Amino acid sequence: MKVFLMSHVADLDGVMPVVLTDLAFEDYDYELLDIPEVDSFIEERLASDFFASYDQVFLTDLGISKELADKIENSSLKEKFQILDHHQGNLFLNDYSFGHVVVSENGILESGTSLYYKYLLTHWANTLLARDSVSYMVSLVRLLDTWEWKKYGVEEALDLSTLLVYYGNEKFIQNYCQFLRKNREFYFVEAEKVLIETDHRKKQEYIEKKKETMLKKEIAGYRLGIVFAEQYISELGNVLAETFQEEIDAVMIIRMDRSISFRSCKEEVDVSRLAQLFHGNGHVHAAGAPLPEDLYELVINHLIDGMVK
Ligand SMILES: [Mn+2]
């Protein structure tokens, strides 16, 4: 039995399926992918017969295009392929024999990891997978990915994602493959606790400092609070929106190395419209826009012109 797993590279919910695969199967390979590369990654391997050497192929926390799904439906990959995902936009994949996309079940929001875990327990159960430490860790990943940790106040879920940032994907996987084999109960070791505490303090300080530097500007009738930030973007956005809800309608976070993020402070404020003004897009309460490619040069030139006489 040889398994190939493809999962989402970007977060805990994408990385955890690798750990579960390690606990479930002896012989496996995996690849962590970003959303835009999934289709081409699979297409290339379909063409080269790459999947022939595997008995089972999984895709977790990710979807594929309808075109590719049709192609797979008419290929030999179909028999050993299984998608386990929870994104609304991928529900159409349930029309295929290999698609299993569930956003929520019995009022509980699913994640890629929780769906894959259930699948493994149904088809490939073993004593290791059934351990409390494993099911608890899966529940933390689900709580984090669905943001339900906030509702239930389970800080441990956020702490686990902080550890992923520090370990990096490969180390995190290695570490938890060992930890879950050794431990029947889930816990953070002393060094991890120190790391989590330090990060927590750094984050508080960072957010406090950003609060002080926030600039208020009106753009297209919106009162905006604007900051530059490179870290803790989503939490910073939430804190600013909450703290300044009387004074501003939305938060604009400029991440110089990447893009602009918009957060709405109120129900009725649609930041996707705001993002469009900056050639971006998104949802009603969270949206984003790209930065000009020559921004660094513009800023540097502006500094030099304005200061160097
Ligand atoms: Mn997910």
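Tutor: A helix is here a DSSP run of H or I with at least four residues, and helices are numbered from the N terminus. The model under discussion is predicted.

Student: Which helix gives the most to the lining of the second largest pocket?

Tutor: The second largest pocket has a volume of about 260 Å³. Of the 15 residues lining that pocket, K150, Q204, I207, E235 and V239 are the closest to its centre. Helix 6 (148-152), helix 7, helix 9 and helix 10 each supply at least two residues of this lining. With six residues, the most comes from helix 9.

Student: How many charged residues are in the lining of the second largest pocket?

Tutor: Each of domain 1 (2-188) and domain 2 (210-297) provides at least three residues of the lining of the second largest pocket. By class, this lining holds four nonpolar and four polar residues, and the number of charged residues is seven.

Student: What is the volume of the largest pocket?

Tutor: The lining of the largest pocket consists of 38 residues, and those nearest its centre are A10, D11, W147, I233 and S234. By class, this lining has 13 nonpolar, 14 polar and eleven charged residues. The volume of the largest pocket is about 1,900 Å³.

Student: Which helix gives the most to the lining of the largest pocket?

Tutor: Several helices supply at least two residues each to this lining, among them helix 1, helix 5 (132-145), helix 7 (155-167), helix 9 (190-213) and helix 10 (233-243). Strand 11 (259-264), strand 12 (281-282) and strand 13 (286-290) also supply at least two residues each. The most, six residues, comes from helix 7.

Student: How far apart do the C-alpha centres of domain 1 and domain 2 lie?

Tutor: The domain assignment of the chain gives domain 1 (2-188) and domain 2 (210-297). The lining of the largest pocket draws at least three residues from each of these two domains. Between the C-alpha centres of domain 1 and domain 2, the distance is 32 Å.

Student: From which element does the largest share of the lining of the largest cavity come?

Tutor: One cavity of 30 Å³ or more is found in a search of the whole structure, and about 50 Å³ of space lies in the largest cavity. The residues lining the largest cavity are L158, D159, T162, I196, D199, H200 and K203. Helix 7 and helix 9 are the elements that give two or more residues to this lining. Its largest share, four residues, is that of helix 9.

Student: How many charged residues does the lining of the largest cavity have?

Tutor: D159, D199 and K203 are among the residues lining the largest cavity. By class, two nonpolar and two polar residues belong to the lining, and the count of charged residues is three.

Student: In strand 2, which residue is the bridge partner of V3?

Tutor: Strand 1 (residues 2-8) is mostly covered, with six of its seven residues buried. Seven bridges pair strand 1 with strand 2 (residues 27-33) in the parallel sense. Between these strands the chain passes through helix 1 (residues 12-24), and this β-α-β crossover is right-handed. In strand 2, V3 has as its bridge partner Y28.

Student: In strand 3, which residue is the bridge partner of F4?

Tutor: Strand 1 and strand 3 (residues 56-60) run parallel and are joined by five bridges. In strand 3, the partner of F4 is V57.

Student: Is L180 buried or exposed?

Tutor: L180 is located in helix 8 (residues 169-182). L128 stands 52 residues from L180 in sequence, and their C-alpha atoms are 7.9 Å apart. The cut-off for the buried class is under 20% relative accessible area. The relative accessible area of L180 is 0%, and therefore L180 is buried.

Student: In strand 9, which residue is the bridge partner of L215?

Tutor: An open sheet of six strands has mixed pairing and the order 8-9-10-11-13-12. Its edge strands, strand 8 (215-219) and strand 12, each pair on one side only. Strand 8 and strand 9 (residues 222-228) run antiparallel, joined by five bridges. In strand 9, the bridge partner of L215 is I226.

Definitions and conventions
Residues are numbered from 1 along each chain as its sequence is written. This is a predicted model: local features need pLDDT of at least 70, side-chain atom pairs count only at pLDDT 80 or more; totals for chains, interfaces and linings use all residues. Side-chain values use heavy atoms; hydrogens and water are left out. Buried means under 20% relative accessible area, exposed over 50%, partly exposed in between (1.4 Å probe, protein chains only). Two strands pair if DSSP finds at least two bridges between them. A crossover is right-handed if, with the strands pointing away from the viewer, the path from the first strand over the helix to the second runs clockwise. On a 1 Å grid over the protein atoms alone, a cavity is a set of points where a 1.4 Å probe fits but cannot get out, and a pocket is an open set with protein on both sides within 12 Å along at least five of seven lines; lining residues have an atom within 4 Å of a point. Grid points are joined across faces, edges and corners, and a volume is the space filled by probe spheres set on the points. Ala, Val, Leu, Ile, Met, Phe, Trp, Tyr, Cys and Pro count as nonpolar, Asp, Glu, Lys and Arg as charged, and the others, Gly among them, as polar. Domain bounds come from an automatic or database domain assignment.
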